[in-house]
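Please brief me on how the parts of this structure meet. Keep it short and grouped by topic.

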Amino acid sequence: MPGTTSSQVVLEGRNLTKTFPGVKALTDVTIQCKSHQVLALVGENGAGKSTLVNLLCGVYQPDGGEILLNGTPTRVRDPHHAATLGIATVHQELSLLPHLTVAENILLGSEPAGRTGFLRTSDIYRRAAEALADISPSIDVDAMVYDLSPAERQMVEIAKAWSQRPRVLILDEPTSSLSKVEAQNLLSLVTRLRSQGTSVIFISHRLDEVFEISDEVMVMKDGHRVDTLPIGELDRGKLIQLMVGREMTQTFPPRRPTPASGRPLLELRDAARPARPLGTAGSAGSCGVSLTVYPGEIVGLGGLEGQGQRDLIRGIFGAEPFSRGQVLIDGKAVRIDSPEAAIAAGVAFIPDDRKAEGLVLPLSIRENMILASLARVVRFGFLQGKREQAMADDYMGKLAVKAPSADQVVGNLSGGNQQKVILAKWLLTQPKLLVLHEPTRGIDIQTKVEIYRLLRQLAEQGVGVLIATGDMLELIGLSDRIYIMYEGSVTGEVRGAEATEERLMALSSGGGTA
Amino acid sequence: MRKGWRGSVVRQARRAIPIYLLVLGLVAMTLVVSPTFRTEQNFRNVVAQVTPLAAVAVGQTVVLLLGGIDLSIGSVVSLATVILSFSGRNGSLHIGPALLLALAAGALVGFLNGLGVVRLRIPPLLMTLASMAVVKGVALYLRDAPGGSVDRAFTRFLNWHAGPVTMFGLALLVLYLAAWAFLSFTRPGRHLYATGGDREHARRSGVNVDWTTILGYTLAGLVGAIGGILLAGRIYSGDPVIGDAYSLDSVAASVLGGTSLLGGIGGVVGTLAGAVLLAMTNNILNLLNVFSFYQYIVKGLILAGALVLYHVRGRGAHRAA
């Protein structure tokens with residue numbers, strides 16, 4: 001049981017302060033990590049969790065305060081130094097090199113080498129296999145990382161941190177790319193590491209997980225520590241209240257009262273893309289999917305990770321066109337073989353990888369928002385600054401983007417605000433159909449709620465919304481109708497009001513009938 | 001060492017298979033078409049022709065793997081020939097110090113390139129463009145026109161041959177084996193790939209990316225000087241501008257061999273074939289009496305073709321990922 005073994009403070013940050021140009025990211029924060037304990041670190045995006053972690057593991061240096069290791073003040077020079085001190089970190093953004101093998105990645109930076117500088121290759125593979133054996137033995141140490149699924153990469157990342165046998169293991173949103181089953185495996189692993197004495201800092205937006213594995217919870221808000229409490233003194237409501245600073249009674253807006261009907265906005269008939277050859281990355285492809293989205297409804301697309309959802313929605317947007325089947329929009333068959341064709345047909349797409357696909361990070365909020373609808377602000381070939389400004393300001397307000405001005409560079413915004421900019425960008429194109437892939441992954445609760453409201457408003461205005469998400473609560477709470485995919489095909493269709501977690505899980509694992 | 005063949009090393013080398021097939025095809029074709037090509041004399045000729053470029057391209061490959069580029073490497077080649085040209089009759093240097101000086105100068109230029117890129121954060125293209133000009137200036141200051149002579153004993157040693165085996169060929173073989181072993185089986189080599197693959201990720205894994213980058217540029221400068229020394233062995237003299245073409249030709253050879261300009265992908269195995277392809281194209285077109293301006297066009301087309309080839313295959317790889 002939590003904290004029964006004698007636990008002592010291993011790593012301590014005292015009164016840590018960190019300022020970035022224009023932002024005070026961390027103010028006077030104190031954190032204590034004890035052996036045999038899991039400390040959950042929760043707070044909205046932009047609360048300073050990642051900054052705190054980056055100070056502890058040497059990515060940044062604190063502007064004020066000190067870090068103590070076993071009671072001794074220590075300067076953590078860089079991540080490598082942190083590793084030698086026994087502090088290993090799995091960052092939110094994965095840091096594997098795709099063109100190296102699993103083993104080469106796990107031992108990167110601490111490769112065993114002989115006196116002549118030559119690598120001891122067999123040692124590398126043996127040690128990598130040992131580390132993986134504890135985490136996910138099914139992954140081949142000889143595989144190239146670019147052949148792995150996101151979930152497998154996450155496991156390799158954790159094995160990499162674990163291979164250093166750290167005294168303190170920091171996990172920053174380790175489960176956000178995992179399916180429920182995989183996340184469960186990870187949680188039991190964390191529990192096992194704890195029983196061996198490791199001190200774990202666990203950052204997660206999934207509160208269920210926090211309640212399941214943590215001994216203590218530290219809540220952060222706006223760069224400050226709100227409180228640190230034993231898990232026993234908290235319940236869900238209280239925790240959320242501490243995080244947001246107010247009661248969050250209703251996460252999801254009400255569903256539409258009656259099923260949508262009329263002419264479907266989007267109809268897929270037997271759409272498919274050939275599955276990839278075996279042995280390559282995790283997706284099963286999509287084989288023959290038929291589904292409909294009516295105007296004014298929110299349709300959820302769920303299932304375990306990698307069951308073809310990604311291919312399906314990317315196919316609808318033409319990012320990777322379907323090889324067969326028909327796409328009908330407003331009852332007319334259209335050929336969507338590129339994103340341009342999809343935009344022309346009134347489809348907007350919010351991808352899951354916002355940094356890589358959704359935004360041009362060095363450009364400003366305004367420039368990003370206008371990017372997909374330049375035609376509307378161009379006259380005689382020239383951009384009209386005033387009109388552009390007005391449109392951007394309008395949507396900054398509508399979506400409550402938190403930034404000093406629309407000229408702020410997008411790369412400096414928090415994940416939630418970046419997602420709002422992407423939404424604004426596509427709403428400016430006035431789409432008929434909005435397709436979203438994991439729109440709230442890694443985003444704080446408050447912004448999530450705002451996004452849910454916004455999606456519902458859009459639906460009420462007659463837009464069709466198709467949302468692919470691995471977050472079961474979101475799927476059930478938001479959708480009017482839900483499709484579940486398994487191994488590339490739709491295994492069930494459920495009305496949102498009738499959906500339960502058990503029923504969806506049964507469909508997701510291929511069992512049960514709709 | 002059997003176990004050493006595991007992993008990304010093998011994959012990196014496998015990328016070079018198409019270019020080797022292309023070279024073999026070209027050789028086979030020319031063997032049939034041109035009787036002159038079949039002679040032992042011409043074989044030695046091709047080896048001698050390919051040697052300086054192939055040597056220089058090793059250095060360029062190292063820097064490209066880092067995600068950088070070295071445009072100064074051609075100037076380093078020139079400078080090395082100029083320094084050696086003071087070692088012959090009436091020269092002011094003995095061959096020993098001349099060689100050391102040439103190597104040290106190359107390494108120093110590379111080191112400063114690396115320092116500029118890492119510490120001053122100057123983009124590699126600009127940093128090495130600047131040092132290219134400076135080094136060229138130094139070479140022209142030392143010798144404003146081709147001339148001087150290289151120590152006789154040394155040139156005789158470099159031009160030694162027994163049948164088809166030449167000193168140039170042996171030197172090249174040693175250089176490539178050393179570079180390949182370094183890149184594939186040592187810690188700094190692995191860190192070079194990692195740094196070029198993703199600098200921030202490598203840094204977070206505990207790779208000293210700054211040191212690795214400086215090391216890479218220093219090695220490139222050093223290898224550039226080796227290329228210059230080998231070239232001096234062919235021209236018996238010094239020439240302050242002879243190396244100019246090597247900067248871009250070495251990039252071409254590396255890219256033909258499958259090394260990515262974005263860093264982290266490729267290796268010297270392919271570079272060798274790339275250099276051979278470029279040099280042989282010249283040789284073959286010469287044998288066929290093709291005018292030199294056509295030769296440039298053909299070279300350009302080969303390069304463009306190779307890039308298309310890698311691009312198409314690269315897309316395939318991405319799709320699989």
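**Interfaces at a glance**

Between chain B and chain A there are 6 residue pairs in polar contact (both at pLDDT 80 or more). A polar contact is a pair of N or O atoms within 3.5 Å; within protein, one must be able to donate a hydrogen and the other to accept it, and residues adjacent in sequence count only if both atoms are side-chain atoms. This is a predicted model: local features need pLDDT of at least 70, side-chain atom pairs count only at pLDDT 80 or more, and totals for chains, interfaces and linings use all residues. Residues are numbered from 1 along each chain as its sequence is written, chains are lettered from A and ligands numbered from 1 in the order in which they are written, and side-chain values use heavy atoms, with hydrogens and water left out.

**Chain B against chain A**

- Chain B brings 30 residues to the contact, and chain A brings 33 residues (heavy atoms within 4.5 Å).
- About 2800 Å² is buried between the two chains, and carbon and sulfur atoms give 58% of this area. Buried area is the accessible area (1.4 Å probe) that two parts lose on being put together, summed over both.
- In chain B, the residues that lose the most area to chain A are B:Arg187, B:Arg190 and B:Arg204, together 23% of what that side buries.
- The rule finds 2 salt bridges across this interface. A salt bridge is a side-chain nitrogen of Lys or Arg within 4 Å of a carboxyl oxygen of Asp or Glu.
- B:Arg190 meets A:Glu104 in a salt bridge (3.3 Å, N to O).
- Among the elements that give two or more residues to chain B's side are helix H8 (167–185), helix H9 (187–197) and helix H10 (199–204) of chain B. Helices (H or I, at least four residues) and strands (E, at least two) are DSSP runs, numbered from the N terminus.
- H9(B) gives the most to that side, with 5 residues.

**Inside chain A**

- The domain assignment of chain A gives domain 1 (8–86 + 166–247), domain 2 (95–165) and domain 3 (266–508).
- The centres of domain 1 and domain 2 of chain A, taken over C-alpha atoms, are 25 Å apart.
- Their contact takes 17 residues from domain 1 and 12 residues from domain 2.
- About 1100 Å² is buried between domain 1 and domain 2 of chain A, and carbon and sulfur atoms give 70% of it.
- Domain 1 of chain A touches domain 2 through elements including helix H2 (79–84) and strand S7 (168–172).
- H6(A) gives the most to that side of domain 1, with 5 residues.

Note on methods:
Domains from an automatic or database assignment.
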